[in-house]
Structures are given as structure tokens and as C-alpha cells.
Amino acid sequence: MSEKEDTSKEIEDSSSQFRTESKSQLVEKPGLIKEISNLLKEGSDGKPSDQIGETHPRKATLDRHDDTSSSGNTPKRNKEQREALQFSETVTSYDSLQLITETSPSPSSSSITEMTAEYEASVDFLSHETLGKNSLQLSEENEKGLGLGSDDFTVNLKAKGLQEFPKDILKIKYVKYLYLDENKIKSFKGADLGDLLGLEILSLQNNELSSFPSEIQFLHNLRILNVSHNQLSHIPKEISQLGSIKQLFLNNNDIENFPSGLVSLRNLEILSLAKNKLRHIPDTLSSLKNLSVLTLAYNQLTIFPKVLCFLPKLISLNLTGNLISSLPKEIRELKNLGKLLMDDNKLTFLPVDIFQLLKMQELQLTNNKLEVISHKIENFRELKILILDKNILKEIPEKISHCVMLECLSLSDNKLTELPKNIHKLKNLRKLCVNRNNIVRLPEDISHLNNMFGLEFSGNTITDVPIEIKNCRKITKVELSYNKIIYFPVGLCALDSLYYLSINGNYISEIPMDISFSKQLLHLEFNENNLLIFSEHFCSLINLQHLDLGKNQIREIPPSISNMASLHVLILCCNKFETFPIEVCTLANLQVLNFSENQIQKIPPEICNLKEIQKLNISSNQFTYFPTELCQLLSLEELNISQINGTKLTRLPEELSNMTQLKRLDISNNAIRAIPTNIGKLRSLVSLNAYNNQISYLPPSFLSLNDLQQLNLSGNNLTALPSGICNLFSLKDINFDDNPLVRPPGDMCKAKQLYTITRYLQRADERDEKILEKIFKIVANNITETNFQFLCQKLNLAISETDRSTKSTVSLSERVHQALDRWKMESTNLLLTTAALSDQLTRALTLIGAYEIMDKITALKLFTCTIKF
């Protein structure tokens, strides 16, 4: 799972409490529509959302509640472990946090807490629950199948390849909800918006719209309009007539000037203009008194627009990815603001006025230039998420301990040397990230953080971990990689909820017996330490699924590794193995195995016992020949036997074709002269890296690799490419650099455009076909009967009885031409190219001494070489 995925999911879990709180607020305040999760997410990360409301969220919500209620019947300990596991997997790296929570307000209503909390839960659809009781009181209709899930009101034409606005279907159906996402619609030409007067939701995201019709003003019932991910540069002022609209998504377009008509939309609650080209926000925006969620991420704003400070109901503001260097003192007027996202700006300080926003629950300021945080941060008593990564902070004020509701604190990539002494007072803290700072030690009183689920201190100078960490009983994930730890932190072995431990890049040489008690561990990374042996204690981790012991000095593996039956991933690269440890072959469930950068010379036959193996990396070893034992691995999907630092292989066995599930093959940096003639049997092959070898041609069966998408044959001895390469329709990524190519010329291949190459080859084939036909005529018109007999022998061309019987009635020229046509047909069936036939024929003519004919053919070839085609 990527760091960004971790972060976003974690935030969801860490926000679970204020989800509950916000839901209660929704009952009291049914204001905002619930259909914003995807659209606001996409406004920030640029990824298109799914069709608005394809799934009915009411059912999804019930399902989620059912899961929660059923878990309440389990014993407390199991519940805690499950909770911990879920949190860690859903926990964060603020980086992703900024994308998912930043612009994915919840499909709920106007409460900021609900928006933040439900973002992640509902990012897969734009919730139609909005059309339920909270917005237009359609919940009873929805339950009866007459709402968004019903065909009575809905037209869903998502991804239907439409190039124009549909007309006919709208004339035979009363439509309230129209979804035209992911088509190629360029305009509303021909559309009669009079047929859509009852329209409440119109979604046209991911099309090719360059303009918007002024007739949009007649859609008086429109409540949600999504035209994100188009090519709009202008919004007509007539949009001001949409008095009922509450949600408007204009993100990911080419808008340079703020649409003047928007300031008249007095009922607008959600507005997204992310990823446009805005440089200025007009003061008239203050007329949008009901605006609750505003997204202006990734524009070209250089100053914080003061007008934003006078939007009294604003609860979520996203200004990520602009060029703002300071905040105005008027920001204190945003009394209801609960979420402020300003990652990727140029802030150098925070004015004390911002700390008067007492409802602040989420503050993200990643990648700015902040040097200090005011002690006034103590005012943020409701703050739950604080992300300050990638700044130049040297200290965090002690008074952060007053932020008692804080659940996620991320301080990575700063210049901190220590944590606030009273950080242990943050009793609700569940995620603490302080990666890549200058922290020397972890405070002992960290043990008081009893609700901690995730702890990340990678990239510091920590030498030891206090034993007291054992009291953090809920911790599920610990990252301590790239520190200066010499002795394995024994306190971690007492954490019976810990499932993920990364301690790469330290100086640990021994594994304590205590680790054998951590049987709940699923993921263990011990890369780049000083281990001399594969400890027997690891073999007690019977539930471990991922083990990384790469870059150590291990030479052998104990037989007890067979106890690790759950192991799916085993990484032992860059160690001291001279023989492939047969003990590994007992791991029947192993799926990924990496033995690269060792000194292995042979593979044992027992490797066939790895029935589930899918990925195998044995690159840079000392194989003297390709291990044919690998060809027994019928489940293998990825094989890397590149030898950049190892002994070079010279050939590949024909048995390679047995690996019919193989999708990715890397044989680069060897001395291989030929690709197996039956490589076409690898029907599943998607990627082939064979660069830096000595391959001189591609066998005919190569053209049967119909699923091939990526091909790198650079640095070989290819002089010609087969014309049939144009039939590899899946091929997208090619590289033929550094080959002595003639057909096509090497310069033509540098652009790495397959169309250009195949077009050249097609024209070359047409030319070669014409040349061959002329050669046939030269031969037929000039050969003698005796030489014709000799030529047939050299070409293995049998003279049939028919030929003999027609000898007296058919001229020699005609008989020769017929014979050569028959020879051509037979050779074509053997997949010989036209150029190859020409070469074979001229060699045969030379052998029979037909020099006069050869002179004529040579003259023809010289002439054709002067003609550009």
C-alpha cells in the first residue's frame, strides 16, 4: 500500500468520532447536498470521479453500519485489534491526506466534520442520498425506487462514446438526473434545453466541451451542475439565472477569469474551481452568503483573496497548489471554518489571527516555508488533523498539548531535533509522523499515548527506542527505518497489536528471542542492517506474510523456515548466498521471491514446489547458463534474470515457452544472441526487456505476442524489423535505440513512434514486392533451360508432371515465371519476407553461374536504391 493510500485511509479512521458528531449535526441542519465526495476529490487530485450517483449510498451506509454493529459482539480484545489494523491501513501520510480530505468533502451535508469524515468513505460515487431527506425530501421516493436509482427520472449515458448532446431520448422521457460523463461531447449543438426544464442534476464531466450555451439559464430547477474535466475557458453570465443551484463543479478546465455570473447564485453551497488558471477572485464573491465549501486548489493565485474572509458560512476552504505567501488578518472572520487546506504554497508564517478560528478541525500546510508555529495554537481545542510536513520548522510549541482533540499529527521533512516535552498529553493522538527530521531520541513518556495506532520516525538519528513503548498497546504500525539503532527495540515485541514493522537501514546485527512472541506480525522489513544469519526466531512468526532481509550478509537459511507457511513475499537480495537455499522451496504459499545480487550459480529442481510463485527476481547472479528448472514454474508471471553485475547468459532455452502465464520478462544486460523461435507461445507476455544483448533478428513467432505492450530491444544487433510488427496492436512503449538498423533506419526509430515505423515497413514491403516481381521477369526472360533445371534444384522446387507435359506448348519464360510464383507462395507460408526471398533467389542464381542475369538484377537494385520512397 502506498504512503498516500495509507494516509487517506488513516484519516478516515482517525475521524470516526467526528463522523458521529457530524451526523447528529446533519439532522439538525439539512443544508448541503450529499453529492460532493468525488467531485471535490477530483478537483484536487485531477482524477476523474465515477458517475455521479451510480450507487445508492443509502444501502452502502446501511452495510457499513451493519458491519459496525456485528463487530460489537466480538470480544473486546479482538475488537481492538481489528480497530487497530483498520486504522493503520487507513492511516496516513499527510500527502494523501491532502488529496483525499482536501477536496473530497463528504457526500453528507453542511457540517465540516461530516464533509471531512465521509470524503474517503464515499469517494467512489457522488452520493444520491442528497436527494433524500436532507435536501429535497425525496427519500420516500428513493425507497420506492422512484429516485436516483430509478429509471423513471434518470438517464445515465456514461462512457457511451457520444460525440454530441443526446436529443431523441430526452423527448420521450421526463428527466431529473442526467449523466453524460466520460464521453466526447464538444458542445450543446442541436440540444433543446426546453426538454430539460425539470432537470435537477446535470453531469458532463470528462468531455470535450469548449463552450457553454447561454440557454442554460432556463434550467431553473437545476441544483447540481458538474462540467469538470472539460476545456471550458468561459462561463456565460446567464448562469446567474440558476437560482436553485447548490453545487457547481467547474474544476479542471481552462478558466482564466472568475465567472461573473456566479456571484448571483445566492443559494450556492459548494463551488469547485480547482485546476484552472485563475489569478484573481473578485470582491463580489462575498455575496455568496450560503457558500460552505470552496475549492480553488491549483490555480495561479499569488495572494489570499480577502473576500474569502467574508463568507460567513464557509466551513471548508481549499487553496492548495497556489503561490500564496501570507494570510490576511481578516481570516479571523471565518468563524465557522473547520477545514483549511493550503499545501504547496509559499507561506512563511501564520498570523496569530488564524488561531482565533476556534472551530478548526483540520489544517494542512504541507510544502510551505514555515519556520515557526505560534504558541497560540493552543486555541485549536477542536483540531483533529494537523499536517505540517515539508516546512523548515525547528521546534513545535509546547502549548500544542492543549490541542487535546488532536488525532493525526504529521511533522515529517522539517528540521526538528526534539518533540514537545508534554506531547504525551495528547491523549487522543492516533497517528504521529516525524519522518526525516533530526530527532535524536524518543521521549520515555511517549508510553502515555495509549490511543496511538501509528508511529513513524524514519530518517532521523535515533539510537534506541525506550522500553516504555510497550505500554502503547494499540500500536499497529511502526516505522523506524534509516536511524542509528544498534540493538533491536525489545519493547516492540510486547505490542500484541503490532502488525507492520519497518526498521530498514539501521545497524542491528542480532535478533532477540523476544521477537518470536510477535506472532501477530504480518509485515517485517529488516533491509540494510548487519545481520549475519537468518535468525531461527524469525521462523516463529507463523503469520508473517512479508519479510524483507535484503542488503544484509546472510549466507544460508534454517530448515525451520518451513514453519512460515503464511509467507507470501521473501526478499533476500544483496546478501552472500552462493547456492540457492533449498529450504525456501518448502514455502508452498510464496508468491514473490527476490534473490538478486547474490552469487548463486544453480537453481535446484525442488524449486518446482513453489506452486504459487508469481514474481521471481534472480538478476545479477553467477549463472553460467539459463536455469531450465525455472521453466517448471507454470504460475510465474514475472521473471527478472538481467545480469548487469553477474555472469552473462548467451542463450535462452526453448523450454522458456512452457511458462505460459509469464507477463513480464527481463533478460537485459546479457550476451544473448537469439530469441527462442517459439517465443510466440508466451501468449500472456505484456512486457519484454531485452536491451544490451546481441540479438540480431526477431523470429516469426514473435509476431504472435498479441498482448505485448512494452518492448525494449535497445543496444542489440538488429538490422531489420519484421513488417508484421504492425499487427501487435497492444504495443505502446518501444525502444530500438543503439541498433545498426537499416530497415527502418535507426534515426526513424528514435522517436519511438510505432506508427511511423510500421508505415515505413509497409511501404518498404510494397517496394520489395515490386522489385521481386521485376527480378522474376528478368530471370524468366533471360534464363536458359539448363540453368532453369539447376535453379529449381537450388530452390528445392520440384518440377511437376504438369510442367513436363506442358513443356512443348508453354514457353520457357512462362514456365519459369509460374515456377517462381509457386516457390514464392511456398516460402511465404514459411513466413519468409519478400526481402529474404530476393536474397535467397540471387544466391541461387550466383551458385548456378547465371552471371548475366545477376548483372541485370544488380543494376535493378542499384537503380531502386536511388529512388526515395
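Residues are classed as buried when their relative accessible area is under 20%, exposed when it is over 50%, and partly exposed in between (1.4 Å probe, protein chains only). Helices (H or I, at least four residues) and strands (E, at least two) are DSSP runs, numbered from the N terminus. The structure is a predicted model, in which local features need pLDDT of at least 70, side-chain atom pairs count only at pLDDT 80 or more, and totals for chains, interfaces and linings use all residues. Residues are numbered from 1 along each chain as its sequence is written, and side-chain values use heavy atoms, with hydrogens and water left out.

Helix H15 spans residues 834-847. Its 14 residues reach 20 Å from the first C-alpha to the last. This is close to the 20 Å expected at 1.5 Å a residue, where the expected span is 1.5 Å times one less than the number of residues. Buried positions in H15 are Thr834, Leu837, Ser838, Leu841, Thr842, Ala844 and Leu845. They lie on the same side of H15 because they cover an arc of only 160° around the axis. The arc is that of the directions from the helix axis to the C-beta atoms. An α-helix has 3.6 residues a turn, so residues three or four places apart point the same way. Arg843 and Leu847 are exposed on the other side of H15. Gly849 follows H15 and has a positive phi, near 80°.

Nonpolar cores were examined next. Such a core is a set of buried Ala, Val, Leu, Ile, Met, Phe, Trp, Tyr and Cys residues joined through side-chain atoms within 4.5 Å. The largest has 189 residues. Leu308, Phe534 and Phe736 have the most contacts inside it. Helix H11 (residues 754-782) gives the largest share of this core, five residues. A second, separate core has 27 residues, including Leu772, Ile775, Leu841 and Leu860. Phe534 touches several residues, not counting those up to four places away in sequence; contact means heavy atoms within 4.5 Å. Among them are Cys539, Leu547, Ile557, Pro558 and Leu572.

Backbone geometry was also examined. Most residues other than glycine have a negative phi, and most peptide bonds are trans. Lys275 has a positive phi of about 55°. It is found in the loop between strands E6 (270-272) and E7 (293-295). At 25% relative accessibility, Lys275 is partly exposed. Lys390 also has a positive phi, near 55°. Lys390 lies in the loop between strands E11 (385-387) and E12 (408-410). Its relative accessible area is 37%, so Lys390 is partly exposed. A cis peptide bond, with omega about 0°, joins Arg743 and Pro744. Pro744 is found in the loop between strand E26 (733-735) and helix H10 (746-749).
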